[in-house]
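This report describes a protein chain shown below as sequence and structure. Individual residues are treated first, followed by the wider fold.

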Amino acid sequence: MTTPLRKSIFVGIAGLSIAGTAAGCAPSTQAPATQAPATQEGGQASTGSPSSSSQSSAPIASAGSSTYKDGTYSADGTYTSPNGQETVGVELTLAADKVSAVNITVHPSNPNTKKFQGEFASGIAAQIVGKDVDELNVSKVAGSSLTSGGFNDALQQIKSQAK
């Protein structure tokens, strides 16, 4: 094989490799265009409109079709990190069994927990707003995988409250 031909083949393979890597890094889902991104303010991240109550006793939206009552519910979820037991506050607003807003309250016990809970809070809305509450099972958000355990714990409590 001649040197110019060998170089051309290597350049072609390298180009395909770079294109494949770039495609693998692309986001797999897009947030709805009307959804506002979560913002972190004073230890909290929120989307949607602010709520005035932590729990609602609103009636079911339409008889027979909803499993959960519409309203805003909150719970603290716990999880274990390398630094010990951690807690994260979760507030979900439900409408017709779908999440319409989320608010995360971080409860860091150290700088690492603060970092990861903050990253989680800034990325969770894009993954859950607009989705059916029964289909939620968060595993990793914005590089934070342990905080999702606390979120899922709080989610189970919220689902019990909303029945």
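Predicted model: local features only at pLDDT ≥ 70, side-chain atom pairs only at ≥ 80, totals over all residues.

A second case is A96, located in the loop between β4 and β5. Its phi is about 55°, again positive in a residue that is not a glycine. A96 is partly exposed, its relative accessible area being 46%. As background, most residues other than glycine have a negative phi.

## Overall architecture

The protein chain contains 3 helices and 5 strands. Their order along the sequence is α-β-β-β-β-β-α-α.

The chain comprises 163 residues, of which 34% count as buried. When contacts between residues at least 6 apart in sequence are considered, 54% of them join residues at least 24 apart.

## The largest nonpolar core

Which residues touch the most other members of the largest nonpolar core? They are L92, L94, V102, I104, I124, I128 and F151, within a core of 27 residues. At least two residues of this core come from each of β3 (71–81), β4 (84–95), β5 (98–107), α2 (111–128) and α3 (147–162).

F151 illustrates how the core is connected. Neighbours within four places in sequence aside, F151 is in contact with V88, V90, I104, F120, I124, I128 and V138. Three of these partners, I104, I124 and I128, are themselves named among the residues that touch the most other core members.

Is G123 buried or exposed? The relative accessible area of G123 is 17%, and the residue is therefore buried, since the cut-off for that class is under 20%. G123 is part of helix α2. Its C-alpha atom is separated by 9.7 Å from that of K140, a residue 17 places away along the chain.

## The second largest pocket

The second largest pocket holds about 180 Å³ of space. The largest share, 3 residues, is that of α2.

The lining consists of Y79, S81, P82, N83, N112, T113, F116, G143, S144, S145, L146 and T147.

## S145, a residue of the pocket lining

S145, one of the lining residues of the second largest pocket, is placed in the loop between α2 and α3. With a relative accessible area of 39%, S145 is partly exposed.

Apart from neighbours within four places in sequence, S145 is in contact with S139 and K140. S81 also contributes to the pocket lining. The C-alpha atoms of S145 and S81 are separated by 10.0 Å, and the two residues are 64 apart along the chain.

Methods
Residues numbered from 1 in each chain as written. Heavy atoms only, no water. Helix = DSSP H or I, 4+ residues; strand = E, 2+ residues; numbered from the N terminus. Buried < 20%, exposed > 50% of the residue type's maximum accessible area, 1.4 Å probe, protein only. Contact = heavy atoms within 4.5 Å. Core = buried A, V, L, I, M, F, W, Y, C linked by side-chain atoms within 4.5 Å. 1 Å grid on protein atoms, 1.4 Å probe; cavity = no way out; pocket = protein on both sides within 12 Å on 5 of 7 lines; lining within 4 Å. Points joined across faces, edges and corners; volume = space filled by probe spheres on them.
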